[in-house]
Amino acid sequence: MKKDYYEVLGVSKTASADELKKAYRKMAMKYHPDKNPGDKAAEDKFKEAAEAYDVLSNPDKRARYDQFGHAGMDGAAGGTGGFSGGFSGYQDMDINDIFSQFGDIFGMGGERTRRGRSGAPAAVRGSNLRIRVRVTLAEVATGVEKTIKIERLVPSPDTTYKTCPVCGGTGQTVRVQNTPFGAMQSVTECATCSGTGKVIDKRGAGANAEGLIKKAESISVKIPAGVADGMQLRVAGKGNYGPMGGPAGDLIVLIEEIPSEVFTRDQNNLLYELYVSMPDVVLGAKKEIPTVEGGKVRITLEKGTQSGKILRLKGKGLPEYGRSVKGDMLVYISVWTPESLSLEQEKFFRGVENDANFQPKPTSAQKKSFMDRLKEMFR
């Protein structure tokens with residue numbers, strides 16, 4: 001005996017169209033053949049749910065079913081043979097029709113392989129290539145265009161293609177399996193052409209089984225200002241081409257920043273340690289320091305400048321990626337202590353050793369750590 005259609009979907013006889021769709025969606029998701037490969041019981045439940053939804057979602061079929069039950073469905077629920085018992089009403093229905101109905105419920109196409117809107121096989125995109133490019137801080141500051149050499153797979157100009165003789169250009173093969181409920185069709189990707197619908201007719205010299213050859217190329221890559229170590233840039237269409245004339249993948253450029261011997265990078269800010277002499281900080285001085293672009297900038301050391309003082313030069317850091325905003329340069333003053341003295345120099349320092357003016361008198365601000373002072377500076 002066939003199950004009641006409402007019972008199959010687990011809904012009441014007053015269920016709305018939305019409730020029917022929701023119930024069928026739940027059943028289809030649970031028993032879909034792709035989720036239960038080789039499970040005959042799940043396959044039967046999937047077809048059973050499809051049959052029930054086919055009837056109950058149609059107002060005319062539903063009204064006839066409500067009045068006469070399964071007897072009123074003779075010839076009305078799909079196929080040409082009608083429901084003479086069991087699942088025979090669906091024995092002439094292509095499994096793709098069920099998948100198509102399943103796809104309609106979920107708002108997607110019913111095809112089970114890569115296919116275009118027209119039903120033709122979709123071209124297979126080629127794989128991406130990856131390359132590492134090293135840049136200096138100076139190049140990060142201004143941006144740079146680099147010419148890099150790559151080797152990628154491109155279509156062989158001497159290779160020709162023809163329609164796959166196995167699938168006839170559809171990219172699919174159909175297998176018919178006889179079951180107690182009738183013939184059932186399953187659609188799979190064609191193993192001969194890998195779903196492309198084409199095979200090689202004449203292979204050019206050096207071409208692989210997909211009609212591709214290796215080719216060395218020089219490519220110009222624009223690296224924008226503000227990039228950072230580990231960042232990835234994408235150059236569209238510069239990867240390997242796909243099989244049988246498929247479109248090319250992309251070239252992924254991985255940025256590797258060369259450490260600077262002059263500056264330390266902290267995001268978009270640059271740290272620079274300036275060594276100065278004792279006379280410089282005691283008497284005051286003017287100093288020139290380098291910038292990341294290669295120029296010079298002059299700073300002034302006031303009399304009595306303490307070792308560890310941080311000078312902030314706004315806008316002398318690195319640009320922010322994708323924006324015109326720049327970071328700052330932080331100049332850390334480090335007083336250089338001589339490692340040896342002449343007798344005259346030693347005599348001078350002996351003379352001021354106990355002078356009150358030479359005794360350390362750090363303020364609370366000067367006692368703060370380097371990181372604390374940096375945080376306070378940017379607060």
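Strands here are DSSP runs of E, at least two residues long, numbered from the N terminus. Strand S9 is one of them, spanning residues 251-257, and Glu257 is found in it. The model is predicted.

Start with Glu257. Its relative accessibility is 17%. The cut-off for buried is under 20%, so Glu257 counts as buried. A polar contact of 2.5 Å joins the side chains of Glu257 and Arg265. Beyond four places in sequence, Glu257 is in contact with Val135, Leu137, Val140, Val227, Ala228, Asp229 and Arg265.

Now step back to the whole protein. The secondary structure comes to 10 helices and 15 strands. The protein has 379 residues, and buried residues make up 37% of them. Take the contacts between residues at least 6 apart in sequence: 63% of these join residues at least 24 apart. The protein exposes about 22500 Å². Carbon and sulfur atoms supply 50% of that area.

Next, the interior. In soluble globular proteins, nonpolar side chains tend to be buried together. The largest nonpolar core here holds 34 residues. Within it, Ile223, Val253, Leu274, Ile289, Met329 and Val331 touch the most other members. Leaving out residues up to four places away in sequence, Val331 touches Tyr272, Leu274, Ile289, Ile299, Lys309, Ile310, Leu311 and Leu313.

Leu341, Phe348, Phe349 and Phe358 make a nonpolar surface patch of about 380 Å². Leu341 sits in the loop between strand S15 (329-335) and helix H8 (343-352). With a relative accessible area of 39%, Leu341 is partly exposed.

Turn to the charged pairs. The whole structure has 16 salt bridges. Glu139 pairs with Lys146, with the closest N and O atoms 3.2 Å apart. A second salt bridge joins the side chains of Asp280 and Lys287 at 2.9 Å, N to O. Asp280 lies in helix H7, residues 278-283. How accessible are the two partners? Asp280 is buried, at 13% relative accessible area. Lys287 is partly exposed, at 24%. Apart from neighbours within four places in sequence, Asp280 is in contact with Ala285, Lys287 and Leu301.

The side chains of Arg312 and Asp328 also meet in a salt bridge, at 2.8 Å from N to O. Arg312 lies in strand S14 (residues 310-313) and Asp328 in the loop between S14 and S15, so this pair ties together parts that are 16 residues apart in sequence. Arg312 is partly exposed, with 31% relative accessible area. Asp328 is buried, at 6%. Elsewhere, salt bridges that share partners join Arg125, Arg234 and Asp250 into one network.

Gln267 has a phi near 55 degrees, a positive value in a residue other than glycine. Where is Gln267 placed? It is in the loop between strand S10 (264-266) and strand S11 (269-276). At 67% relative accessibility, Gln267 counts as exposed.

Notes: Residues numbered from 1 in each chain as written. Predicted model: local features only at pLDDT ≥ 70, side-chain atom pairs only at ≥ 80, totals over all residues. Heavy atoms only, no water. Helix = DSSP H or I, 4+ residues; strand = E, 2+ residues; numbered from the N terminus. Contact = heavy atoms within 4.5 Å. Patch = residues over 30% accessible without salt bridge, like charges linked within 9 Å, V, L, I, M, F, W, Y side chains within 5 Å. Areas by Shrake-Rupley, 256 points an atom, 1.4 Å probe, with all protein chains shown as cover. Salt bridge = Lys/Arg side-chain N within 4 Å of Asp/Glu carboxyl O. Buried < 20%, exposed > 50% of the residue type's maximum accessible area, 1.4 Å probe, protein only. Core = buried A, V, L, I, M, F, W, Y, C linked by side-chain atoms within 4.5 Å. Polar contact = N/O pair within 3.5 Å; in protein donor to acceptor, adjacent residues only side chain to side chain.
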